[in-house]
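Hello,

Here is the structure I promised to pass on. Please open it and keep it beside this email as you read.

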Amino acid sequence: MVKRLVLLGFVFTLVLSSGSCTKLVPTFTRTGPSFPVSVMPVIPLDTGELVAVTPHPIDGHWVALWFQKPDKTISVRWVNITIGTVGAEMTIPRK
């Protein structure tokens, strides 16, 4: 009798826990028409070597391009990938 109650409790808990699984991270969907960018502005080679690309935490249209110059200075440029604009260069000097 006790084994049946324990087994029934286990099955009940398993059913409840499997039904309560939901996705925690919201998914982003496109909210408008997308059109390809034909010509992007040129980023000069003296900006440095591209080392990383990170998305904007809120607006998915912007990405940060992280560059490292030969003197180890870090620079970043924000690029809007939907309309094709490149922001001004921001530099982070290193000692």
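S1 covers residues 49–55 and S2 covers residues 62–68. The two strands pair in the antiparallel sense, over six bridges. S1 and S2 form a hairpin, with six residues between them. Please keep in mind that this is a predicted model.

S2 has another partner, strand S3, which spans residues 74–80. This pairing is also antiparallel, and it runs over seven bridges. Find Trp 62, then look across to S3: its bridge partner there is Asn 80. S2 and S3 form a hairpin too, with five residues between them.

Now look at the loop between S2 and S3.

Lys 72 is found in this loop. Its phi is positive, at about 70 degrees, although Lys 72 is not a glycine. Is Lys 72 buried, exposed or partly exposed? Its relative accessibility is 47%, so it counts as partly exposed.

Thr 73 is found in the loop between S2 and S3 as well. Thr 73 has a relative accessibility of 13%, so it counts as buried. The cut-off for buried is under 20%. What does the side chain of Thr 73 touch? It makes a polar contact with the side chain of Asp 71, at 2.9 Å. Leave aside the neighbours within four places in sequence, and Thr 73 is in contact with Phe 67, Gln 68, Thr 91, Ile 92 and Pro 93.

Next, the charged pairs. How many salt bridges does a search of the whole structure find? It finds two.

- Lys 69 forms a salt bridge with Glu 89, and their closest N and O atoms are 3.3 Å apart. This pair links distant parts of the chain, 20 residues apart. Lys 69 sits in the loop between S2 and S3. Glu 89 sits in the loop between strand S4 (85–86) and strand S5 (90–92).
- Glu 89 and Arg 77 meet through their side chains in a salt bridge, at 3.7 Å from N to O. Glu 89 lies in the loop between S4 and S5 and Arg 77 lies in strand S3, so this pair ties together parts that are 12 residues apart in sequence.

The salt bridges share partners, and they join Lys 69, Arg 77 and Glu 89 into one network.

How covered are these residues? Arg 77 is buried, because its relative accessible area is 12%. Lys 69 has 21% relative accessibility, so it counts as partly exposed. Glu 89 counts as partly exposed too, because its value is 31%.

Last, go back to the start of the chain. Helix H1 covers residues 2–19, and Leu 14 is found in it. With 48% relative accessibility, Leu 14 counts as partly exposed. Which residues form a nonpolar patch on the surface? They are Leu 7, Phe 10, Val 11, Leu 14 and Val 15. Together they have about 500 Å² of accessible area.

1. Follow S2 and find S1 paired with it, then S3.
2. Stop at the loop with Lys 72 and Thr 73.
3. Trace the network of Lys 69, Arg 77 and Glu 89.
4. Finish at the nonpolar patch, which includes Leu 14.

Best wishes

Methods
Residues are numbered from 1 along each chain as its sequence is written. This is a predicted model: local features need pLDDT of at least 70, side-chain atom pairs count only at pLDDT 80 or more; totals for chains, interfaces and linings use all residues. Side-chain values use heavy atoms; hydrogens and water are left out. Two strands pair if DSSP finds at least two bridges between them. Helices (H or I, at least four residues) and strands (E, at least two) are DSSP runs, numbered from the N terminus. Patches are made of residues with over 30% relative accessible area and no salt bridge: like charges are joined within 9 Å, nonpolar side chains (Val, Leu, Ile, Met, Phe, Trp, Tyr) within 5 Å. Accessible areas come from the Shrake-Rupley method with a 1.4 Å probe; for residues, only the protein chains shown count as cover. A salt bridge is a side-chain nitrogen of Lys or Arg within 4 Å of a carboxyl oxygen of Asp or Glu. Buried means under 20% relative accessible area, exposed over 50%, partly exposed in between (1.4 Å probe, protein chains only). A polar contact is a pair of N or O atoms within 3.5 Å; within protein, one must be able to donate a hydrogen and the other to accept it, and residues adjacent in sequence count only if both atoms are side-chain atoms. Contact means heavy atoms within 4.5 Å.
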